[in-house]
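Reader: I would like to work through this model feature by feature, with the general idea given before the particular case. Could we begin with the strands?

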Amino acid sequence: MRHCPLQRMARIALHGLIGLLAAAVVHAENSEADIKAAFIYNFAKFVEWPEGSFTDSKDRLLLCTQGDTVLGRKLRLLAGREAQGRTIEVRPLSVAEATDDCHILLTPSPGETQGRNATLTISETTSTARQSSMINLFVDANRVQFSVNLPATQQAGIKVSARLLQLAR
């Protein structure tokens, strides 16, 4: 059965449109992950860990990620950058791995983390609050935003700067 040229052109246009939409989705996902990675980098700059969290002034700031996510992969680009005079080291972990050495932990399930109390836990959700996470990243009205669970940070001895709290939702 022969297709007319108009049908063939429509089919080609449809395939092209599908390709563009797929590229737009990938771009939007990457853009969101880039913005969230920038937020996390700034969290590292505006959070103070309790005394004893670092053995000396040369200790690295350990940013751990659990699970293989777009954001987790973007955070690897922060390795070697500095926050508060400390070099950031990014360590991907399996969900089952202990998080004892982590200063910041991006986790899909913050209620199940195993590790020291002074680990700043960050999660991504679709809602504005997640009780067991200290910082929650979410998208609202096409904007990346975050909320801070102040009681959780205070319980861990982590001080969040007033500037950061002003930006939180």
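Reader: How many bridges join strand β2 to strand β5, and do these run parallel or antiparallel?

Author: In general, strands of a sheet pair through backbone hydrogen bonds, either parallel or antiparallel. In this predicted model, strand β2 (residues 61-66) and strand β5 (residues 104-106) run parallel and are joined by three bridges; on the β5 side, Leu105 is the bridge partner of Cys64.

Reader: In what order do the seven strands of the open sheet lie?

Author: The order is β3-β4-β2-β5-β6-β7-β8, and the pairing within this open sheet is mixed. The edges are taken by β3 (82-83) and β8 (143-148), each of which has a single partner strand, so one side of each is left without a neighbour in the sheet.

Reader: What is the mean pLDDT of the protein?

Author: The mean pLDDT is 81, and 74% of the residues reach 70 or more. Over residues 13-28, however, the pLDDT is below 50, and this stretch has zero contacts in the model beyond near neighbours in sequence.

Reader: How many aromatic pairs does a search of the whole structure find?

Author: A pair of aromatic rings is described by the distance of the centres and the angle of the planes. The search finds four such pairs, among them the edge-to-face pair of Phe39 and Phe146, with 5.6 Å centre to centre and 80 degrees between the planes. This pair links distant parts of the chain, since Phe39 belongs to helix α1 (residues 5-45) and Phe146 to strand β8, 107 residues apart. Ring pairs also bring in Phe43, giving a cluster of Phe39, Phe43 and Phe146.

Reader: Is Phe146 buried or exposed?

Author: Phe146 is buried, because its relative accessible area is 4%, whereas Phe39, at 21% relative accessibility, counts as partly exposed.

Reader: How is the aromatic pair of Trp49 and Phe54 arranged, and what is the angle between the planes?

Author: Trp49 and Phe54 are edge-to-face, at 6.1 Å centre to centre and 85 degrees between the planes. Trp49 is buried with a relative accessible area of 9%, and Phe54, at 16% relative accessibility, counts as buried.

Reader: Which charged end sits over the ring of Phe54?

Author: The charged end of Arg86 sits over the ring of Phe54, 3.7 Å from its centre. Elsewhere, the ring of Tyr41 has the charged end of Arg81 over it, 4.3 Å from the ring centre.

Technical notes:
Residues are numbered from 1 along each chain as its sequence is written. This is a predicted model: local features need pLDDT of at least 70, side-chain atom pairs count only at pLDDT 80 or more; totals for chains, interfaces and linings use all residues. Side-chain values use heavy atoms; hydrogens and water are left out. Two strands pair if DSSP finds at least two bridges between them. Helices (H or I, at least four residues) and strands (E, at least two) are DSSP runs, numbered from the N terminus. pLDDT is the predictor's confidence in each residue, from 0 to 100. Contact means heavy atoms within 4.5 Å. Rings of Phe, Tyr and Trp (its six-membered ring) pair if their centres lie within 6.5 Å; planes under 30 degrees apart count as stacked, over 60 as edge-to-face and the rest as tilted. Buried means under 20% relative accessible area, exposed over 50%, partly exposed in between (1.4 Å probe, protein chains only). A charge sits over a ring if NZ of Lys or CZ of Arg is within 6 Å of the ring centre and within 35 degrees of the ring normal.
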